[in-house]
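I opened this notebook to record what I looked up in one structure. The entries follow the order in which I consulted it.

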Amino acid sequence: MNQAGKTNADTLWTIDQGQGPVVVLVHGFPLDHRMWQRQIDALSKHHRVLAPDLPGFGRSDLPPDAKLEMDCYAQSLAELLDSKGIDEPVHLAGFSMGGYIALAFSRKYADRLASLMLIDTKAAPDTPEAAKGRDELAKKVMETGTQVAAEAMMPKLFSQVTHGRQPEVEDRVNEIMLDQSPEAVATALGAMARRPDSTPGLAKLDIPVLLIVGQEDAITPPAEMKKVAGAIKDAKLVTIAGAGHMTTLEKPGDVDEAMLAFLNSLD
Ligand code: MLT
């Protein structure tokens with residue numbers, strides 16, 4: 001199978017590439033499936049990789065009058081699997097906001113998971129101050145456009161090495177962010193501000209979990225991910241040197257290697 005496109009008006013636009021055990025890649029904020037390009041190519045050699053655009057992002061529609069919560073994004077992933085007739089447990093990878101959604105999925109649909117990969121993410125909710133900042137940013141995005149969100153994110157995303165030596169990675173991420181609609185961006189900001197604490201659910205996870213974090217991640221730092229790993233029964237934490245938050249694009253080879261080693265140890 002090597003195809004992309006909507007199966008019907010109600011499901012997410014998704015890359016669907018390769019054959020084998022199913023791996024679902026859930027992108028971060030405010031991005032789309034393109035942040036996973038290298039992982040899609042690497043993993044789809046031996047797996048069926050689904051890389052959807054979340055509601056409103058990329059080529060997926062935002063439901064009218066959406067006031068989404070993490071559970072709604074998780075539900076859209078379950079519906080995507082249903083629409084493709086996938087009922088076997090899947091390997092679910094979530095990057096940052098995608099990790100918040102993956103954790104929501106693990107609470108709602110535990111029996112649909114074979115493993116979890118949590119990448120540059122965290123389990124704790126926003127502080128009241130951070131949530132207020134998100135609501136203010138959402139308002140500005142609706143008034144002036146997506147650029148203001150991209151400007152807020154860009155300085156926090158990359159390691160020193162990437163900043164100095166890989167300007168094309170920064171340009172690519174900025175370009176993907178600017179492609180997103182203000183409505184999708186504002187909706188996701190609201191959903192992140194209201195997301196529940198996922199920490200209590202960590203001890204209940206009874207599947208293997210891989211955690212990956214960039215050593216210089218300023219948004220979801222290694223110390224935060226160490227805490228998450230420490231609360232999970234079967235967890236392995238990989239720290240990527242020379243990467244900030246955007247590990248999948250800053251150090252794609254290292255991320256591919258960690259994900260493939262983990263998946264190969266399971267299949
Ligand atoms: C992301 O990369 O998805 C966001 O930085 C997550 C966040 O802002 O909490």
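**Entry 1. Terms and conventions.** For linings I took Ala, Val, Leu, Ile, Met, Phe, Trp, Tyr, Cys and Pro as nonpolar, Asp, Glu, Lys and Arg as charged, and the others, Gly among them, as polar. The model is predicted, so I note that local features need pLDDT of at least 70 and side-chain atom pairs count only at pLDDT 80 or more, while totals for chains, interfaces and linings use all residues. Residues are numbered from 1 along each chain as its sequence is written, and side-chain values use heavy atoms, with hydrogens and water left out.

**Entry 2. The largest pocket.** I worked on a 1 Å grid over the protein atoms alone: a pocket is an open set of points with protein on both sides within 12 Å along at least five of seven lines, a cavity is a set where a 1.4 Å probe fits but cannot get out, and lining residues have an atom within 4 Å of a point. Points are joined across faces, edges and corners, and a volume is the space filled by probe spheres set on them. By this account the largest pocket has a volume of about 490 Å³. Its lining comprises 25 residues, and Lys122, Asp126, Arg134, Lys156 and Ile219 are those nearest the centre. I sorted the lining into 14 nonpolar, 5 polar and 6 charged residues.

Which helices supply at least two residues of this lining? I found H3 (97-108), H4 (128-144), H5 (147-153) and H8 (182-193); helices (H or I, at least four residues) and strands (E, at least two) are DSSP runs numbered from the N terminus. H4 gives the largest share of the lining, 4 residues.

**Entry 3. The ligand.** A polar side-chain atom of Tyr100 lies 2.5 Å from a ligand oxygen. For Arg134 the distance from a side-chain N or O atom to an oxygen of the ligand is 2.8 Å, and for Ser96 it is 2.9 Å.

**Entry 4. The cavity.** How many cavities of 30 Å³ or more does a search of the whole structure find? I recorded 1. The largest cavity has a volume of about 40 Å³. Met70, Tyr100, Arg107, Lys122, Ala123, Arg195, Pro196 and Ser198 line this cavity, and they divide into 4 nonpolar, 1 polar and 3 charged.

**Entry 5. Two residues of H8.** Thr187 belongs to helix H8. The Thr187 side chain reaches the backbone oxygen of Glu183 at 2.6 Å. Setting aside neighbours within four places in sequence, I found Thr187 in contact (heavy atoms within 4.5 Å) with Leu62, Ala66, Leu68 and Tyr73.

Leu189 is also found in H8 and is buried, at a relative accessible area of 1%. With residues up to four places away not counted, Leu189 touches Phe29, Arg134, Leu137, Ala138 and Val141.

**Entry 6. Arg112.** I placed Arg112 in the loop between H3 and strand E6 (113-119). Is Arg112 buried or exposed? Arg112 is buried, since its relative accessible area is 14%. A polar atom of its side chain lies 3.1 Å from the backbone oxygen of Ile86.

**Entry 7. Backbone exceptions.** Most residues other than glycine have a negative phi, and most peptide bonds are trans. Against this I noted a cis peptide bond from Phe29 to Pro30, with omega near -15 degrees. Pro30 lies in the loop between strand E3 (22-26) and helix H1 (37-43). Ser96, in the loop between strand E5 (90-95) and H3, has a positive phi near 55 degrees. Ser96 is buried, with a relative accessible area of 7%. Asp120 has a positive phi of about 45 degrees; its place is the loop between E6 and H4, and it is buried at 0% relative accessible area.

Methods:
Polar contact = N/O pair within 3.5 Å; in protein donor to acceptor, adjacent residues only side chain to side chain. Buried < 20%, exposed > 50% of the residue type's maximum accessible area, 1.4 Å probe, protein only.
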